[in-house]
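Subject: Handover of a structure

Dear colleague,

Please find below the structure that I am passing on to you. My notes on what was found in it follow directly after.

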Amino acid sequence: MLSVPLIYGLAGILLFTFALRVALSRVAFLRRVLAINVAGAGIFLVFIATAYKGAEQAADPVPHALVLTGIVVAFSATALAIALARRLNRSADND
Amino acid sequence: METLIWNLFDVLLLTALLALGWSALSTSNLRKGIALFIAFGLVLSLIWARLKAPDIALAEAAIGTGLTGALLLAALRDEESAPAETSVQEPGNRFYAYLLMLVTIILTLILGWGLIDALMNRQHPGLAYDVFAQLDQSGVSNPVTAVLLNFRAYDTFLELAVLLAAVLGIRSLNITRQPYLKAGPVLSGLTVWLVPVLILMSAYLLWVGAHAPGGAFQAGAVLAAAGVLLRLSGYPAAGLPARLLIRRAFMIIGVLVFAMIGLGLMVLGRGFLDYPVAWSGSLILLIETAATLSIATILIMAFLAGESGEPEHQEKPSC
Amino acid sequence: MTELIAIALITVGLMFFIAGSIGLLRLPDLYSRLHALTKADNVGLGMMILGIIIISGDLLTSLKLILVWLLVLASSAASAHLIAQRARRRERGLWKP
Amino acid sequence: MTLFLTLALIVLILSLCIGLIRIFLGPTLEDRIMSVQLMGTTGVGILLILGLLLDMPASIDIALVLAMLAAISVAALTRKKAMGAKND
């Protein structure tokens with residue numbers, strides 16, 4: 001008997017910390033961005049896992065709303081990060 | 001028996017997720033990493049559906065699998081065409097790597113302990129009860145939409161402002177991305193066929209969001225996916241209007257309508273975004289329509305990075 | 001009776017899915033794997049959708065389910081073409097990675 | 001019926017995991033894209049069954065979006081490199 005919120009939540013934590021380690025180690029920039037996205041997914045998973053209330057009951061909608069906006073914001077933040085890095089690269093080349 | 005099968009299902013799904021996440025980050029080949037990341041997003045949207053979060057599954061299916069993958073691949077393409085030093089793969093300082101590993105393990109243990117403690121000794125059922133008690137006052141019957149556009153509407157308002165700020169930041173960096181070549185007959189055939197379906201799907205999600213999973217964010221993401229598909233098959237403007245003025249109007253209309261309605265209600269002597277019950281359904285639909293347009297435009301602009309498709313804005317390539 | 005038909009259809013669909021996956025895993029080269037995958041899965045999904053239509057029995061749901069199948073058919077046909085095209089391009093070495 | 005559908009779910013997820021091995025093995029990117037394609041189709045199947053089991057009609061909408069977007073990610077992965085020829 002496994003508790004659904006528990007296993008999904010633990011998986012989310014594992015994803016988060018592993019991705020955080022990759023993001024903090026010395027890797028190419030795009031891999032860092034990838035790692036931050038995976039870490040974000042881990043956090044979202046913890047949120048939604050704790051919102052789950054069993055197969056019969058409806059889940060808690062507040063974390064759902066938070067994660068929903070989080071996903072969209074994560075995308076635009078990723079785009080901003082990529083644009084910043086590209087600009088930095090270009091200024092470095094011009095020097 | 002059935003619980004056991006469900007447990008098996010959960011374990012397999014999570015194994016697939018963790019394996020994909022781990023290998024997406026461990027591979028040294030970025031293109032492979034991004035392919036794995038797209039698969040990761042697919043599995044994640046299955047997990048959202050399994051955890052009874054259909055709203056999130058819709059957004060993830062559009063953004064996690066489609067848009068983010070396409071964005072990362074576009075970025076990779078830029079990096080490859082520019083002579084950049086992308087290979088800083090060495091672990092560098094040994095001591096730092098070990099320290100990082102240790103800190104990660106400790107962090108995992110602390111977070112895991114916190115989660116287990118929270119799940120075992122949870123006293124109150126979160127905010128779900130309050131939301132469902134007030135749901136018939138909100139003007140919509142989908143609880144997630146009610147939270148987003150009524151109970152916590154100012155959060156969503158600022159959320160849109162954050163999106164706008166991000167895309168303004170991207171634009172101010174003044175970078176350009178090379179457009180794609182015109183697609184062959186098969187992909188253009190698919191595009192011609194799929195883009196109208198995507199637009200229809202977006203309208204459907206916007207409408208249905210009042211009483212079933214869907215809403216402005218999902219609709220905007222699906223609409224943005226249509227734009228990205230157009231861009232990929234060789235339409236440089238990605239379906240955005242050619243006039244800059246109209247494009248910018250689309251970008252801000254969500255925030256604008258949100259603010260106007262909020263301030264208008266204040267003029268009428270109510271709180272900011274405190275809708276009258278009789279009007280809340282229509283007001284929410286109005287805001288959501290504007291927000292969908294804005295979100296889609298912003299997401300496409302974030303993908304394009306700059307006003308591409310405008311000849312006078314294109315600076316000389318390969319700097 | 002209708003339930004039995006639905007169960008039979010879904011079971012056949014599942015067999016196609018398994019066949020497609022095993023084909024993807026076991027077949028020796030890229031083109032044959034592509035061949036196994038794109039055909040078997042679409043038939044499998046079609047069978048399954050037929051079964052689910054029989055179970056649900058609702059007209060609107062059935063139309064939506066058929067739309068799902070048509071979309072999967074169109075997109076996997078196009079994807080198969082794109083994948084094969086990319087593979088051939090690579091083999092000829094015109095576009096260096 | 002519920003038991004049968006739950007078993008069908010397991011068969012589908014097993015099929016997905018088998019297909020997943022190919023994404024790890026490679027060897028070429030095309031193989032991995034194919035695996036993504038397989039996961040899209042199998043994922044649609046899983047969503048439809050999940051919708052029946054959890055009584056969640058919205059999962060058909062998710063399946064629709066997934067089916068549309070799978071094509072976009074394949075297109076993104078297979079598009080040719082840049083207009084690069086004249087710039088490089």
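Which domains does the domain assignment of chain B give? The assignment lists domain 1 (1-83), domain 2 (91-124) and domain 3 (143-310). Please bear in mind throughout that this is a predicted model.

Chain B

The C-alpha centres of domain 2 and domain 3 of chain B are 37 Å apart. Along the principal axes, the C-alpha atoms of chain B occupy a box of roughly 60 × 55 × 40 Å. The secondary structure of chain B consists of eleven helices and zero strands. Chain B has 319 residues, of which 46% are buried. When contacts in chain B between residues at least 6 apart in sequence are considered, 72% of them join residues at least 24 apart.

Contacts between chains

Five pairs of chains are in contact, and chains A and B share the most contacts among them. On this interface, 80 residues of chain B are in contact with 61 residues of chain A. Helix α3 (residues 54-81) of chain B supplies the largest share of the side of chain B that touches chain A, namely 14 residues. By class, that side of chain B comprises 55 nonpolar, 16 polar and nine charged residues.

For chains B and C, four residues of chain B are in contact with five residues of chain C. The side of chain B that touches chain C has four nonpolar residues, no polar residues and no charged residues. Chain A and chain C do not touch, and their nearest C-alpha atoms are 18 Å apart.

Chain D

Chain D has three helices and zero strands, and 66% of its 88 residues are buried. Among contacts in chain D between residues at least 6 apart in sequence, 47% join residues at least 24 apart.

Helix α1 (residues 2-25) of chain D contains 24 residues. From its first C-alpha to its last, this helix reaches 35 Å, close to the 34 Å expected at 1.5 Å a residue. The buried residues of α1(D) include D:Leu9, D:Leu12, D:Ile13, D:Leu16 and D:Leu20; D:Ser15, D:Gly19 and D:Arg22 are also buried.

What covers the buried residues of α1(D)? The cover includes α1 (2-26) and α2 (30-50) of chain B, α1 (2-26) of chain C and α2 (29-53) of chain D. Just after α1(D), D:Gly26 adopts a positive phi of about 75°.

The largest nonpolar core

In soluble globular proteins, nonpolar side chains tend to be buried together. In this model, the largest nonpolar core has 213 residues. The residues with the most contacts inside this core are A:Ile48, B:Leu67 and B:Ala225. Helix α3 (residues 59-78) of chain D gives the most to this core, contributing 16 residues. Domain 1 (1-83) and domain 3 (143-310) of chain B each provide at least three residues to this core.

With which residues is A:Ile48 in contact, leaving aside its neighbours within four places in sequence? In chain A, they are A:Pro63, A:His64 and A:Val67; in chain B, they are B:Trp48, B:Leu51, B:Ala53 and B:Ile56.

With kind regards

How values were computed
Residues numbered from 1 in each chain as written. Chains lettered and ligands numbered in written order. Predicted model: local features only at pLDDT ≥ 70, side-chain atom pairs only at ≥ 80, totals over all residues. Contact = placed C-beta atoms within 7 Å. Nonpolar A, V, L, I, M, F, W, Y, C, P; charged D, E, K, R; others polar. Helix = DSSP H or I, 4+ residues; strand = E, 2+ residues; numbered from the N terminus. Expected span 1.5 Å × (residues − 1). Buried ≥ 20, exposed ≤ 12 C-beta atoms within 10 Å, placed from the backbone. Domains from an automatic or database assignment. Core = buried A, V, L, I, M, F, W, Y, C linked by C-beta atoms within 7 Å.
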